[in-house]
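Dear colleague,

I am handing over the structure below, and my notes on it follow directly after. Please read them alongside the coordinates.

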Amino acid sequence: MSFYLRRVAFYLVTFWAAISLNFLLPRLLPGDPAAIMLGKLRRASGGRPLSEETIQAITSILGAGKDMSLWDQYLAYWGRLLQGDLGVSSTRYPAQVADLIAGALPWTIILVGVATVISFALGIIVGAWVGWRRGTWLDHLVPITTVFQSIPYFWLALVLVAVFSVQLGIFPIVGGYDVFEFPGGPELSWAFIGSAIYHAILPAITIVLSSVGGWLLGMRNMMVSTMSEDYVVTAEAKGLTPRRVRTKYASRNAAIPSLAGFGIALGFVVAGSIVMEQVFSYPGIGKLMIQAVQGLDYALMQGVFLVITLTVLAANFFMDLIYGFIDPRVRHNG
Amino acid sequence: MGEAVLTARDVSIEYEVDPPVKAVRNATITLHRGEILGLAGESGCGKTTLAYGLNRLLKAPALMTGGEVVFHDASGRDIDVVALDGEALRTFRWDKVSMVFQGSMNSLNPVMNVRKQLHDVFTTHRPAMKRAEREARSAELLNLVGVDPSRLSSFPHELSGGMRQRVMIAMALALDPQVMIMDEPTTALDVVVQRGIIREIMRLRERLGFAVIFITHDLPLLIEISDRIAIMLDGAIVEEGDAEKIYRSPEHPYTRRLLSSFPSLRGERGDFIRTGAAAGGAA
Amino acid sequence: MSAHVRGTAVDTTALEARNLVKDFRLRSGLKVRTLHAVKDVSFTLEPGRTIALVGESGSGKSTIARMMAKLETPSSGEVLLDGVPSSNRGAGLARYRRDVQMVFQDPFGSLNPFHPIRHHIERPLRIHNPRLSGREIRERADELLERVRLSPASTFGDRRPHELSGGQRQRVAIARALAPGARFIVADEPVSMLDVSIRLGVLNLLAELQRQEHLGVLYITHDLATARHFSDEILVMYRGEIVERGPSEQVILDPQHEYTKTLLEAAADPDRLGRLRDEVRNGS
Amino acid sequence: MDDSQPTLDHDASDPGYETGDDALFQAPVSAEAVREATREATATAAIAAARSSRGGRFRHILPSRSGKLIAGVVIVGLITLFGIFGPMIAQPPRDSDNPALLPPSPEHWLGTTKLGYDVFSQLAWGTQGSLFIGIVAGIVALVLAVVFGVFAGYFGGVLDELLTLFTNIVLVIPGLPVVMVIAAYVQNAEGLGPLARSSLLVALILGITGWAGSAVVLRAQARSLRTREYVAAARVAGEKPGRIIFVEILPNLVPLLAAQFIFGVIFAVLGEAGLSYLGLGPTGSITLGTMLNDAQTGQAVGTGAWWWFVPPGAIIAALGAGLSLINFAIDEVVNPKLRLAPENAKRQRRAAKAGKGVADTGAFA
Amino acid sequence: SPSAGGDDDSSVLRVWAGSATPINNNFNPFAVDTAVHATFGAIYEPLFFFNQLSSEPPVGLIGDTYEYSEDGKTLTVTIKPDQKWSDGEDLTAEDVAFTFGYGSNKTEQFVSAEATDDTTVVLTYTEPQFTSAPLTLGTTYIIPEHIWADIDDYIGETNPEPVGSGPYVLSSFSDAAYTVEANDNFRDGAPAVKEVQYVGLDSNQSSQDLLTTGKIDWVGQFIANPDAVTGKGDITTLNLQQDPTTITTCANADLGCTGAQTDPAVRQAINVAIDRATIQEKAFAGLAGESSPTFMLLPRDEQWLSDPSLTTSPQEANVAEAGKILEAAGYAKDSDGFYGKDGTAIEIDLFSPDGWTDYNDAAKLISEQAAEAGIRINARTVSDAEYWTPIQNGDFQMALFGLTQSLVADPYSNYHEFFAGTSTVKVGESPLVGQNYSRYTNPAVDEAVLAAGATQDVATKQAAYATIQTEIARDLPYIPVVLNASQSFFNTKKFTGWPTEDDLYAAPLPYLAVANAVVLTNLTPTK
Ligand SMILES: Nc1ncnc2c1ncn2[C@@H]1O[C@H](COP(=O)(O)OP(=O)(O)OP(=O)(O)O)[C@@H](O)[C@H]1O
Ligand SMILES: Nc1ncnc2c1ncn2[C@@H]1O[C@H](COP(=O)(O)OP(=O)(O)OP(=O)(O)O)[C@@H](O)[C@H]1O
Ligand SMILES: [Mg+2]
Ligand SMILES: [Mg+2]
């Protein structure tokens, strides 16, 4: 059990560090969001002087804390966080950051999560197979998949969109579902789910294409190493069927390091979606992040960053739990 | 001396590396039913390679370039081990000849508990066995080697080195094999533990009557426990005979040299020249 | 020769372990357990004498060796060199290192595969003789290699560890220990990983050098037989304590402590040919 | 990002750390570990010896000549040469006198961009720019990884705990968002002067955020090297810790360092492209990423100007693939099984077919 | 309302007005920056529609007529009778009066707004308001008093169920798209296009792809090769050139500007050194127009042009001329071939916002062309957020910056906004009135602006404008580059009634407030 205690302690420290970083980073940014917001308003209203009221309203939301010490701001920041209050977005004023995130998160988690799991499973299964049949033509599969990994993701995605969506018209071009078909937004119907899946196919394919190589390579290498472990030779000498040796002795052990990596990858689901969502106009978290950074939207940036970090920690913790079951050695030693 | 259970004739094994290594050259040994045959020789002389050859476990770049290995089954049937193939080979292994490996400490799958690894043997070779029977037999085996059956649920890392070794021996006994090959089963262990395990092996052999090929480079130990001893040098068996004979009147000069490099515990010092005249030269 | 001069001067020069204790704090999760690896061990190693330290695995032999070589600090107790408590840092430590050297168990692991043999010999020479010119160092290194019968030194010096056999490597290790001009050598199972056929060769070399240089050697081993023949005195360790000590012959041939007896019992002895077999046959 | 690196604190697999209930439990494990280490070392040595009995000190850590290595070196070499010499022979990359959006022709091998820039020339400069970023970021990441990994692994104790905690935090906190935020921050921060939004800055950011994975790998290795006896021997000889790290430990980490450096370069080149795509890349200089960004914002895809859009991506992909191929070869040095096992498996199959008394091909089919 | 679902594809008009996803659920007409496009015109209307493409008088929407008092301080507006809000309530002059006295509509010069009867409103100010008609009448969105009287926080309000007077009412909203449907209570009757769906997209590429594949019907965006989209014949494009893109300089050293660009000679040299034809060809894909140093939209504002030579800026680069100007001002070339004074070479920073490709490209070209004339200009890009602040605060040397064109055929607002000394402040502060970011101050110009603003007499105005035009064409605080192109693309197969070159009744730009609604009411589905 102490294994878990140690991990929990680690996560708490990391959580604290991430949140503090989250607090500090945006504050280190130059520029003054309130001023930017006021400027935008004035410009958009054709230079009309803004009333004192308006200026007040905006500075109190975005410029707050100017006269507070950093420490007081920090405490206030924690106070707000603990109440689940992520603040108000300035680029999407007056939308609540929490609402924006809540709207975007499911899309990202489902699409990228599923794609990551598919990529991992595919990589592990094929990697195990390639490792098992080492020394055959299958070995060439490894360098080929790594080429896909070396292509800039967005470049691959843009080319695929140009070919499959625009030229051939096989896949949709943008969005998480057919907005023309469902103008009222997401609904709970098979038609909608079908539409969502249809829209997810191409993004998912690009994610899988660009990430499967890493899993495959890692698994294959581990498989090759594991195959010469004593216990595999022993298993063979025991007269076990090749199938049993492959699954229970070689693959299972070889997959353990990949599983640890999977925790991280799963955590990076949300963070890793940024470029993808930009390319496919996918209604997820990543796009919020880009908008927040480009608009210097403190609150939104903090919120998204926080959510991203939290998902990473949660995913890692989850994998730690599983890891303890898969590799009993871990449970025993801290 | 009983009838033969395993005969190997003119076995040659080569590692096809550059340059090729002739690890075993024309080795001929006969293992009799129920005896302990000691196989001694310095490191790299080909002991392990020969053992693997006997059990058809050679992996590339090893290649058996010649010779034959015949297993004389208790049923009277002779099995040409070299010609075995596929299913036949698979079912032959462990059932007739089992093996305790040199790296025995790592022979257990670290992420499976002992029970599963024992049961694996039964489900593969004795598919008719019921679960309860398997369980009972596993417990019995652990008892046999002096490990508490409650350890069945343990993972290898939860066992001490000696226990792991015993579990491997239990596993090797699982199917009542007629021959057990033990490749330095105790080298990595502490002397006291080592002694305990060897005692255990001897006891089991008395009871179960299997034959043992015991490989080690610890010649004094071999002499103490074996019925017969084969001395290997550079892949060839240079001398074979009763333990007594090897100890008292070794014929081959290599055997003699090997013997003399072990200073005797209570007797003479062998080649050891700490004091006295041999101090030659430097002073 | 200087060795003999030193040899006659004897008596105040010695390496002494006084009440050495070493505790390891083992952390498994949040629990911290203390492992008493070495409990109050004292002995004195004089030049020209060999002390053997025997005992089963984990009894604390290597820990003592590492404390003597200043690779580990004792939890309590001290190591005295020539009657003076030895320093753990600075110039004092450097002086100590010049006098006390170590030969390790693993002949491959103790030589850095990246560096040629020469590096392993020349570095200690350079560290402890900063004034010497490059040529002098080279010459001395060659001389040392010749001493451990690695000749021609020039070709051996340029080889790298993996090009040497285990016995040759161990000889390099011995030459390295001699390089700073050591008076005491701690040899932690120096031959246990070597082939049986070459063990004695290495031990013989060590014994010979010991005599010539009038070295004090702490010989750590599993092997009671070599301990008996190689050393003047045997210390038997059991669970961190020295349970028996005495002249070699006496300890082996007339053990007093139960544990020493068990140990002797467990050691292989071809003279007891077939006895185990008979015991089992009759006993069970 | 390197996915396959395990991150859990692998104390568990460190044999010296396994703690049993009694002394009997402990010793055999470490003894076996030593044997294991020897076995491995011997294997490496055997291979090295087989390759060349004499030669430079780095000989035994050089990858063996294999198809993959040669292909990788040729690809990376050609791209590097192109990055070095291309800019010398090509016309100025920002010469807008050419007509816009010309398809490839003898005058303009890869056509021109919307502004009339010669794509070939841009590609040459961009390759140089990207290589610069990759190499600088790779070096920065490597240095940090050595500090956080090797130092932590070597010194152990509290320092290790702290450095490792920090490494793990950095590893867990997602990189791209941090890079985005930092890039957004520094792009216009005063006081940075000409550094602001330069490729040097982008390289530094990528290096500073990209070392943690390597540090974990290096730490594990350094921990195991630390327990090697030759390190203890060096201490007994009187070597100083700094010298031990740099002379005794680091050389043996060279293959691993090389692999991590290559990872770092790939990560940085791809990272720069991603940042540029998001509009956060370097603005002053030409890199493959900014080229792609220009092509993307200039609607190269929409206008069918493939000659503008395809080459930079292809160069990045080729560079990444070439570096990966080199890494394969390095992997095979670090872990000789990776090279030997497939070769042996091939032989095994052949031998088994020929029926020569070897093991069944069961486990290899 | 007919056809609520999306099943009847042919009658739904699909628009991308530039929203990114997730679309903000905000229909607050006071949230000028963040409310969705349909808010301005389609749902809420101002009193009049000022078509900036023509010199005709404004078209009445809610309003019918308006009239200034002699001194310009009182404005009397009559609205059309019998209008209704989309919730069925009556829209009266009371609502209009309420609107002008509400929230940010209450400017400093505002005194009162009174409904004298159901259709008449009298607005009173402290200063003459001749020049602010486009603002007051054209961009003040009339809101229903019965709803907004209860709303205090007019900035924080998101107004998710808007009640307006425009041709459309909101029917559904999601963060990927929202739909408006015809308002049956609209004063002219429900428009022919029954449903309009506004979608959110994140890149021009996506929208172009959707346009090409026939998924959307109307966008206003830059497409470098319009033929790729219009090739199939469904889509028609219209390219309007109105807003001048300039090199905005921080011109006034007295107010704290620093850098070589504060010297008019340098600005003049740059003005002749740049090759506008190449810039317009390469950076703007040949779609931009030629801009006039008078900052008027020609030929719309023809009657105010004082000197025909000011019709356009020079289109070709004239390196020799640039050199001559600089040398006359005491600059000399250094060894690298760059001009400088007192040993220091001129080096000017020019920035443009990330992602604005045409601007960035133009900046690159300008830098290159200036270099040929021996003037070192360093082009760089900054993020969107980083773009505005320095411009407003004067913390810059040169920026590529687009000025907005006056809404009516009178350059007054341009001159007042961008050139008047009253519209600027010293560096470090941002101007509260106007957008004179160049910090340009010239007493002659100020006087002329004042004079033009206080009169409705054409001759007086012409005289004032002549002064201004001479001054600013010489001083060049903003160096005109091109007239920015506004491309729009629309599906003429599905809908008819779009504006054409000959009938520019409104700009067919879906993001342009009010004009987009005017276009919508003019459309009819072909099926
Ligand atoms: N995979 C291999 N490739 C090449 N040569 C090999 C291989 N395995 C073993 N050898 C060589 O074959 C010979 C016999 O090896 P083997 O392992 O059988 O010796 P051993 O007698 O068991 O030694 P030890 O006592 O050290 O276990 C040795 O010279 C060894 O170097
Ligand atoms: N660094 C360490 N941390 C924790 N425990 C240690 C450490 N070093 C040694 N020990 C423990 O101290 C005890 C004594 O170990 P030591 O290595 O001295 O035994 P040994 O007598 O040399 O055994 P062997 O014969 O196997 O070499 C063992 O139980 C060991 O596990
Ligand atoms: Mg062997
Ligand atoms: Mg030890």
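By class, the shell around ligand 1 holds six nonpolar, six polar and two charged residues, where Ala, Val, Leu, Ile, Met, Phe, Trp, Tyr, Cys and Pro count as nonpolar, Asp, Glu, Lys and Arg as charged, and the others, Gly among them, as polar. This is a predicted model, in which local features need pLDDT of at least 70 and side-chain atom pairs count only at pLDDT 80 or more, while totals for chains, interfaces and linings use all residues. Residues are numbered from 1 along each chain as its sequence is written, chains are lettered from A and ligands numbered from 1 in the order in which they are written, and side-chain values use heavy atoms, with hydrogens and water left out.

The shell comprises 14 residues, each with a heavy atom within 4 Å of the ligand, and Ser43(B) and Lys47(B) are among the closest.

Oxygen atoms of ligand 1 lie 2.4 Å from a side-chain N or O atom of Thr49(B) and 2.8 Å from one of Lys47(B). Taken alone, ligand 1 exposes 630 Å², of which the protein buries 67% (Shrake-Rupley method, 1.4 Å probe; for residues, only the protein chains shown count as cover).

Elsewhere, 23 residues of chain E are in contact with 24 of chain D (heavy atoms within 4.5 Å).

Best regards

Terms used:
Polar contact = N/O pair within 3.5 Å; in protein donor to acceptor, adjacent residues only side chain to side chain.
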